[in-house]
Amino acid sequence: MSVKESMDKEQEFLYEKFKSTGQEKVKLSCALEGFFPEKEETSEEAKNAYSQYLKRRIRPAMEELIRQENICEMEQLAGMDWFGRNELESFIRTARKEQKLESLVWLMKLKDSKYGYTDRDFTL
């Protein structure tokens, strides 16, 4: 069996596991593993299923990537425009709480580039 055939089988197994499991953690893990571009052997059907799932579950997906400090994949999900300012604030709080400095810095830079930081006026 060639390396490509082996990788194709692995992706098929991953997609079957994604479709059949009722456990959200397992489903999320499968979707994250199968979604990203380095997985070129992933079928269109599987990519679409992963995409639809991750779009609906963007918060837990980003939180998992924050815990892993996987900036590359966080950046790719951010590029999909599946979340807005409120979710971004939530991700920043998660990175602070989890003490994931690299993720926190990246998220704050994203916030600055997308929305900027506004000075608060505390005058009475």
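**Where two helices meet**

Modeller: Happy to, and let's begin with a pair of helices: Ile71, Met74, Glu75 and Ala78 of α5 meet Glu102, Ser103, Trp106, Leu107, Leu110 and Lys114 of α7. Please keep in mind that this is a predicted model.

Biologist: At what angle do α5 and α7 pack, and how far apart are their axes?

Modeller: The angle is about 25 degrees, and the axes of α5 and α7 are 11 Å apart. That makes α5 roughly parallel to α7, because angles under 35 degrees count that way. The crossing of α5 past α7 is right-handed.

Biologist: Let's zoom in on Ser103. Is Ser103 buried or exposed?

Modeller: Ser103, which sits in helix α7, is buried, with a relative accessible area of 0%.

Biologist: And what does Ser103 touch?

Modeller: Leaving out residues up to four places away in sequence, Ser103 touches Leu65, Ile66, Glu69, Ile71, Met74 and Ala95.

Biologist: Glu69 is on that list. Where is Glu69 located?

Modeller: Glu69 lies in the loop between α4 and α5, and α4 is followed by this residue. Its phi is near 55 degrees, a positive value in a residue other than glycine. Glu69 is partly exposed, with a relative accessible area of 26%.

Biologist: What about Asp81, what is its phi?

Modeller: Asp81 also has a positive phi, near 55 degrees, and is likewise a residue other than glycine. Asp81 is found in the loop between α5 and α6. With 58% relative accessibility, Asp81 counts as exposed, because the cut-off for that word is over 50%.

Biologist: Let me step back a bit. How many helices and strands does the protein have?

Modeller: It has seven helices and zero strands, so the pattern along the sequence reads α-α-α-α-α-α-α. Of its 124 residues, 39% count as buried. The protein exposes about 8,300 Å², and carbon and sulfur atoms supply 48% of that area.

Biologist: What share of the contacts join residues at least 24 apart?

Modeller: Among contacts between residues at least 6 apart in sequence, the share is 58%.

Biologist: Now the inside. Which residues touch the most other members of the largest nonpolar core?

Modeller: Those are Leu54, Leu77 and Leu107, in a core of 33 residues. Each of α1 (3-20), α2 (24-35), α3 (44-56), α4 (58-68), α5 (71-78), α6 (85-98) and α7 (101-114) supplies at least two residues of this core.

Biologist: Pick Leu77, then. What is Leu77 in contact with?

Modeller: Setting aside neighbours within four places in sequence, Leu77 is in contact with Phe35, Phe36, Ile58, Ala61, Met62, Leu65, Trp82 and Phe83.

Biologist: Ile58 and Leu65 make me curious about α4. Which residues of α4 are buried, and what covers them?

Modeller: The buried residues of α4 are Ile58, Ala61, Met62, Glu63, Leu65 and Ile66. Their cover includes α2, α3, α5, α6 and α7.

Biologist: One last stop, Leu88. Why is Leu88 classed as buried?

Modeller: Leu88 is classed that way because its relative accessible area is 1%, and buried means under 20%. Leu88 has its place in helix α6. Apart from neighbours within four places in sequence, Leu88 is in contact with Phe83, Leu107, Leu110, Lys111 and Tyr115.

Biologist: How far apart are the C-alpha atoms of Leu88 and Leu110?

Modeller: They are separated by 8.6 Å, while Leu88 and Leu110 are 22 residues apart along the chain.

Definitions and conventions. Residues are numbered from 1 along each chain as its sequence is written. This is a predicted model: local features need pLDDT of at least 70, side-chain atom pairs count only at pLDDT 80 or more; totals for chains, interfaces and linings use all residues. Side-chain values use heavy atoms; hydrogens and water are left out. A nonpolar core is a set of buried Ala, Val, Leu, Ile, Met, Phe, Trp, Tyr and Cys residues joined through side-chain atoms within 4.5 Å. Buried means under 20% relative accessible area, exposed over 50%, partly exposed in between (1.4 Å probe, protein chains only). Helices (H or I, at least four residues) and strands (E, at least two) are DSSP runs, numbered from the N terminus. Contact means heavy atoms within 4.5 Å. Accessible areas come from the Shrake-Rupley method with a 1.4 Å probe; for residues, only the protein chains shown count as cover. Axes are lines fitted to C-alpha atoms, for helices over the stretch in contact, and angles run from 0 to 180 degrees between N-to-C directions. Angles under 35 degrees count as roughly parallel, over 145 as roughly antiparallel, 65 to 115 as roughly perpendicular and the rest as oblique. A crossing is left-handed if the near helix is turned anticlockwise from the far one by less than a right angle, and right-handed if clockwise.
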